[in-house]
Amino acid sequence: MHSFFHPKAMGFFERELPGLVPGVCVKNLVKIFEPYGRPAVDRLNITFYENQITAFLGPNGAGKTTTLSIVTGLLPPTSGTVLIGGKDVETSLDAIRQSLGLCPQHNILFHHLTVAEHILFYAQLKGKSWGEAQLEMEAVLEDTGLHHRRNEEAQHLSGGMQRKLSVAIAFVGDAKVVVLDEPTSGVDPYSRRSIWDLLLKYRPGRTIIMSTHHMDEADLLGDRIAIISQGRLYCSGTPLFLKKCFGTGFYLTLVRRTKTIQSHRVGCKVGVCPERPSLGTIT
């Protein structure tokens, strides 16, 4: 992005509709890993709302994972504030984590635990009793379609099934804020579609933040789309708003391959040359 590009001045930020409830507020967030180095996150301001899926887009190295790591308390910010449900991540992290779910970029599963044991384990980590954890386990297994794999160890699941389990774990324990870092990366099309269905089913009552590289995924799932580059937010709004800002329609290119007449004449001999089609007679 060029230094003279000022997105706010160019109207690339859609005004929020009244009545939306903020789930996560990021204010003037800065993260610098090396002293005097380029910020990985550079004065980022963005609000994520309840009952919405916000798609977080950007190229590799844009600062998506760093931002999400700060939101979930895995990294401290250099400066700035992150509020989740009105509570500061730096001072109230223990209270926030009771209603926070995370699916990291790479699966973190226990090889020798079964699918059902994973859900029971994480439900109890969130403070559920044994009976409540069992009820939630049955509901999650049914919602995710993993009930027929309930007694299978995680190491024996396919890549798509492992990813689906990781996404399901993020919602365990009535998590109200769910952060998904590229939840469909490296999965087959069928598993990808089933993860989409799961996110849409679990969207009501939650604030879901999802980073992705897939524009079709952001368009289909995202109530709002935020595009980040070099640690800065360059545009955000509904898919329709961004299409109006940047959409140029579709281009169809047709290439006609012509045959040379010479190639037909080479095979022609006297008396065996194929008849030419009649051009018709003029009367």
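Visitor: How far apart are the end C-alpha atoms of helix H6 (residues 189-202), and what span should its 14 residues have?
Guide: This is a predicted model, so let's set expectation beside geometry. At 1.5 Å a residue, the 14 residues of H6 should span 20 Å. The end C-alpha atoms agree with that, being apart by 20 Å.

Visitor: Which side-chain oxygen reaches a backbone nitrogen at the start of H6?
Guide: Happy to show you. The backbone nitrogen in question belongs to Tyr 190. Within 3.2 Å of that nitrogen is a side-chain oxygen of Asp 188.

Visitor: Which residues of H6 are buried, and what covers them?
Guide: The buried residues of H6 include Ser 191, Arg 192, Trp 196 and Tyr 202. Among the elements that cover the buried residues are the helices H4 (130-144), H5 (159-171) and H7 (215-221). Strands take part too, including E3 (52-57), E7 (177-181) and E8 (207-212).

Visitor: What is the strand order of the open sheet of four strands, and which strands stand at the edges?
Guide: The pairing in this open sheet is antiparallel, and the order is E2-E1-E4-E5. Each edge strand has a single partner strand, so one side of each is left without a neighbour in the sheet. Those edge strands are E2 (41-49) and E5 (87-88).

Visitor: How many bridges join strand E1 to strand E4, and which helix packs on the sheet?
Guide: E1 (residues 22-31) and E4 (residues 79-84) run antiparallel, joined by five bridges. In this pair, Val 24 stands opposite Ile 84. The direction of the packing helix makes about 120° with that of E1, and the helix touches E1, E2 and E4. Its name is H1 (residues 64-71).

Visitor: Asn 28 and Glu 182 each have a positive phi although neither is a glycine; are they buried or partly exposed?
Guide: Good spot, as most residues other than glycine have a negative phi. Asn 28 lies in strand E1, with a phi of about 50°, whereas Glu 182, also at about 50°, sits in the loop between E7 and H6. At 47% relative accessibility Asn 28 counts as partly exposed, while Glu 182, at 11%, counts as buried.

How values were computed
Residues numbered from 1 in each chain as written. Predicted model: local features only at pLDDT ≥ 70, side-chain atom pairs only at ≥ 80, totals over all residues. Heavy atoms only, no water. Helix = DSSP H or I, 4+ residues; strand = E, 2+ residues; numbered from the N terminus. Expected span 1.5 Å × (residues − 1). Buried < 20%, exposed > 50% of the residue type's maximum accessible area, 1.4 Å probe, protein only. Contact = heavy atoms within 4.5 Å. Polar contact = N/O pair within 3.5 Å; in protein donor to acceptor, adjacent residues only side chain to side chain. Pairing = 2+ DSSP bridges. Axes fitted to C-alpha atoms, helices over the stretch in contact; angles between N-to-C directions.
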